[in-house]
Amino acid sequence: MNASARIWLGLVAALVLAAVVYWPSLHGNYVLDDFSNIVYNADLHLQSLDWESLRNAAMSSPSPLLLRPLAMLSFAIDWYFHGANPMWMRIDNIIIHLINGLLLFCLLRTLCRSLPERADNAHFRDGWLPLVVTAVWLLAPINFTAVAYIVQRMESLCQIYVLAGLWGYVGARRRMLAGHNGFVAAIASIVLGTIIGGLAKESAALLPLYALIVECIVFRFARADGKIDRRLLAMYFVILLLPACAALYWVAGHALPASAWENRTFTLSERLLTEPRVLWDYIHWSLLPTAKDLSLFHDNIRLSHGLLDPPTTLIAIAGLCALAAAAFAVHRRRPLIALGIGWFFAAHLLTGTVIPLELVFEHRNYFASIGLYLSVFSILLPPIQARLPLARIAVCVVIPLFFASITWVRALDWGNPLTFAMSEAQKNPESPRAAYYLAHIYVNLSQYRADSKFLPDAFKALERASTLPGADALPDYSMLELCARLHRDPPQGVWERMQNKLASQPLSVQNVMALYSLNSCMHAGNCQFPPRQMVNSFLAALSHSPPDIRVLTIYSNYTFDELHDSARAIELARDAVASQPHDMQMRINLLALLAATGQHEAARAFYDQTLRELPQAQQDAKLRAALDTPARPIGTQDHP
């Protein structure tokens, strides 16, 4: 068997091993954002494959800004053929991961063959480096949540088009350097990869930057005759520099103002100071992972408040600067090291800088980890007459197997909801979210039955989750709901504790969800909560300035459906419109309330006012439907 056949056989073995180690995770349940994006998303539950149903499913993301239609459509098709069973969605996620592994191997093999023909690059051309990097990446525990966490298909599906686009670009540049016509293919690879990948997730916007890094380090804008190809300079000006300027303009208006950070527990400066430490955590988890380090929850990370608070902040920043300087220093002699470091930094440009996202998520390394493994194994893989060749080869074999064992352990945990929740809570004893997730699982297992064996554990876990430093209002809400369903009085102080959090903490998604869930439990007839406590909870949340439109909307619904005070409900809905006059959903809510209470003249006047103030409303079918909402008895709920 020749070397090429052995390499392809090794690739098949790596793909099969990756499928095997992920297999235990198939029996797990949906997790966290899976519910809002998939399980509770009615538009995604296709009953037919007609155009209108497919279009509605593609545009059904619960986020008003991040639609991701290609990913949502893939979930919808899974639901159509397999129903609510999460196993089939995870099978498709594994298949996507394996496709990405195959694309990565092809990309790296083509990239290695594009290196300058020097003696120190010769050993990369045989294909062993692409095989080792691909095997390590397929089995890497840092990539586990991008595969097993169903909703993160958005990330892995996006990377199919990123990797394919990069592979197409590198191949086109090789043809150009050989004197053939490949310029159109180079443009098409980047543009199509970015656009189609962007329909799955915005991470695809980094594809032109990844290609530019390859160009600067490997191809250096050269033509076949060795001169600079000015067409490439013009191409990057159009497809990278101009969009980057537009993105910076958007960031300046939407991410830099203080209002963009109101619902976060950290400021812009704290995020920028903390992320360098997070990047070093990513490097650690990618290269030297342990089962204890890796988790779905990393919400208890210490914030950096200054360069020396904690002191590791300055050390982390200095270390990243040194890493970047080292990449520049070796970019001619060891291009793959520089390329890998460049890809790692570029991959975190969106999620590790000024956009007000959560601080830490492992799946953000799905592409970034490629850069790390490319850098490290281009050093470890022994060239001819290298020192300690057997030891280095052993390391290249042992590391993928070591990674496989950790990923297998994680897959076993994810295969059982209770085991998974207990594992996450044990790994992160100070994580409020991990503690609440365990409590949530116990509550679900109890089925709200007074004789359930899980009930004592549920109460104990909820109490712990609600009192951890940094805990939000969700554990308190769950305690109130559990007591209401069991017809018990809640423990003393729970209402007050929740209200204090709503008043003192930023109105995060979790805190707003607590209010929404309280109202929904009452509307469903499962709970009866004291009106005074409910109103005090809303007032606590509305003590923030400016008032949060989500809270105003929930309070309006509660006032209308439970307090039967339509005048106050409409007043709150008007406050929401005044707070965010360009938010179409707020206008739809108010219009539906006016129509539902029989105030047809006021509804028509507000409808006409909306058409004057927001011309795009002419095309909004939901706005027109809200105008036609029939009058209904006070006490029903329509969630307009």
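Which residues are linked with Glu463 in a network of salt bridges? The partners are Asp476, Arg497 and Lys501, which together with Glu463 make up the network. A salt bridge is here a side-chain nitrogen of Lys or Arg within 4 Å of a carboxyl oxygen of Asp or Glu. Before turning to further pairs, a word on the model is in order. The structure is a predicted model, in which local features need pLDDT of at least 70 and side-chain atom pairs count only at pLDDT 80 or more, while totals for chains, interfaces and linings use all residues. Residues are numbered from 1 along each chain as its sequence is written, and side-chain values use heavy atoms, with hydrogens and water left out.

The overall fold comes next. The protein holds 28 helices and zero strands, where helices (H or I, at least four residues) and strands (E, at least two) are DSSP runs numbered from the N terminus. Its radius of gyration is 27 Å, close to the 26 Å that the globule rule gives for 640 residues, so the protein is as compact as a globular protein of that length. That radius is taken over C-alpha atoms, and the globule rule is 2.2 Å times the number of residues to the power 0.38. The C-alpha trace spans about 80 × 60 × 55 Å along its principal axes. Of the 640 residues, 52% are buried; buried means under 20% relative accessible area, exposed over 50%, and partly exposed in between (1.4 Å probe, protein chains only). The accessible surface comes to about 28,300 Å², and carbon and sulfur atoms contribute 64% of that area. Accessible areas come from the Shrake-Rupley method with a 1.4 Å probe, and for residues only the protein chains shown count as cover. Among contacts with a separation of 6 or more, 72% are between residues 24 or more positions apart, a contact being heavy atoms within 4.5 Å.

Helix H14 covers residues 335–347, and at 1.5 Å a residue its 13 residues should span 18 Å, in agreement with the 18 Å between its end C-alpha atoms. The expected span is 1.5 Å times one less than the number of residues in the helix. Because 12 of its 13 residues are buried, H14 is largely enclosed by the rest of the structure. Those buried residues include Pro335, Leu336, Trp343, Phe344 and Ala347. In helix H5 (residues 86–112) lies Asn100, which counts as buried at 0% relative accessibility. Apart from neighbours within four places in sequence, Asn100 is in contact with Trp137, Ser156, Gln159, Ile160, Leu163 and Tyr366.

Back to the charged side chains: the whole structure contains 22 salt bridges. Side chains of opposite charge can pair when their charged atoms come close. Glu52 and Arg55 are three residues apart in helix H3 (residues 51–58), so about one helical turn separates them. Glu52 is partly exposed, with a relative accessible area of 41%, and Arg55 is partly exposed at 37%. Arg485 and Glu481 form another salt bridge, again with closest N and O atoms 3.0 Å apart. These two lie four residues apart in helix H20 (residues 474–485), so they too are separated by about one helical turn. Here Arg485 is partly exposed, with a relative accessible area of 27%, whereas Glu481 is buried at 7%. In a further salt bridge, Asp548 and Arg550 have their closest N and O atoms 2.8 Å apart. Asp548 is buried, with a relative accessible area of 11%, while Arg550 is partly exposed at 28%.

The cysteines complete the picture. A disulfide is a covalent bond between the sulfur atoms of two cysteines, taken here as a pair of cysteine sulfur atoms within 2.5 Å. The whole structure contains one disulfide, joining Cys521 to Cys527 with an S to S distance of 1.8 Å. The torsion about the S-S bond of Cys521 and Cys527 is about 45°, so the disulfide is right-handed. Cys521 and Cys527 are both buried. Cys112, by contrast, is in no disulfide, and the nearest cysteine sulfur, that of Cys106, is 12 Å away. Cys112 counts as buried at 2% relative accessibility. Cys216 is likewise in no disulfide, with the nearest cysteine sulfur, that of Cys245, 17 Å away. At 37% relative accessibility, Cys216 counts as partly exposed.
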